[in-house]
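Have a look at this one before we talk it over. I've jotted down some numbered points to go with it.

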Amino acid sequence: MTSQESGPRGLAADLRDAIAPRTVLLVLGVLLLQLGFILSYVGAFHSPSPHRVAVAVVGPQQTVEAINGIHGTPIDASASPTADDARQRVLDRDVEAAYLLNPSGTTDTLLVATAGGPALATAVEQVFTQLGAAQNRTLDVRDLVPPQPGDARGLTAFYAVVGWLVGGYLAAAALGIAKGSRPATLRRTAIRLAAMVPYAIASGLGGALIVDQALGALTGHFLSLWWIGAALTFAAATVTMAFQVLFGVIGVGITVLIFVILGNPSAGGAYQTELLPPFWRAIGDWLPNGAGTEAIRDEVYFGGNATGGPISVLVIWGAAGLVLTLVASALRIRRETGGDSTTLDG
């Protein structure tokens, strides 16, 4: 052995041994996720302002036009023939608020439903307060649907949704770590997906017990909370599995991107969709976070009105994750085995 061979190793060689190129790429991926987290949360929340908030207006057409002509279009006003009609539109979730112009006095009425989002109700109140002040009019604000006592700031639905989604993708990620992110056979893929069904049911049940029975944060709709929670958990789990099959360990990072970095800020938790910048406003209703938050609020506070859309979003995500996991697994296994059916069947 030469003296050069037996001498001390260089720094570059030690770095290569200590930090493999694959590890460097993973760390860079984590850095990008971290920066994306900061960008998404600060970008969504740093300057909330109302944009085209749907409001029913009882008053002359020129009042509707004047409201729609406010700079920046904070309100999307539409006429209602009577106060009762406007009130019902708020309860049906057709509009977020109702403005009742008083033709015989100087005090108008604003009907809001803070259970649908206190921040949004406050923003609408500010717009109409400023509008009235410019015309020497005052505003009487009435809350048709306040949050339950245990849900004082109206955030329980959002935090429950976050918990259920985290449970879903962590369970799927744990299976991937324990048994490999890409099951060896299609049968094992199906078994892994099937295992998420009882897990999702248990997750929904546990969350509903905490939110309703233990803490009394949202009460009176235990079964609805249970099954919305189960749907959220299952959707997160199947989507995570699909990305793991497609991309391996990187799939977990993609799941975090969707559910945490993009989904949470756009979900309408602290700030409702109409208060967010255009990008987050556009994606919020189409991600499980926003759909789940809206579904719970509509079910608990508005008699189930307008829940069809949010529930459909959750079903589509869950079904898409399941189908994509099976199809991607089948194609990968067929490619790796040359179409050996015995391997496909496990």
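1. Let's start with a term: a contact means heavy atoms within 4.5 Å. If you take the contacts in the protein chain between residues at least 6 apart in sequence, 69% of them join residues at least 24 apart.

2. A word on the ground rules. This is a predicted model, where local features need pLDDT of at least 70 and side-chain atom pairs count only at pLDDT 80 or more, while totals for chains, interfaces and linings use all residues. Residues are numbered from 1 along each chain as its sequence is written, and side-chain values use heavy atoms, with hydrogens and water left out.

3. Now the overall build. The protein chain has 14 helices and five strands (DSSP runs numbered from the N terminus: H or I of at least four residues for helices, E of at least two for strands). Its radius of gyration is 26 Å, whereas a compact globule of 346 residues would come out near 20 Å (taken over C-alpha atoms; the globule rule is 2.2 Å times the number of residues to the power 0.38). The C-alpha atoms fill a box of roughly 100 × 50 × 40 Å along the principal axes.

4. What about inside and outside? Of the 346 residues, 45% are buried (buried is under 20% relative accessible area, exposed is over 50%, partly exposed is in between, with a 1.4 Å probe and protein chains only). The chain exposes about 17,000 Å², and carbon and sulfur atoms supply 64% of that (areas by the Shrake-Rupley method with a 1.4 Å probe; for residues, only the protein chains shown count as cover).

5. Just after α8, G216 takes a positive phi of about 65°.

6. Which residues other than glycine have a positive phi? One is T73, with phi near 50°, in the loop between α4 (61–68) and β2 (75–79). T73 is partly exposed, at 22% relative accessible area. Another is A306, with phi near 65°, in the loop between α12 (288–301) and α13. A306 is partly exposed too, at 43%.
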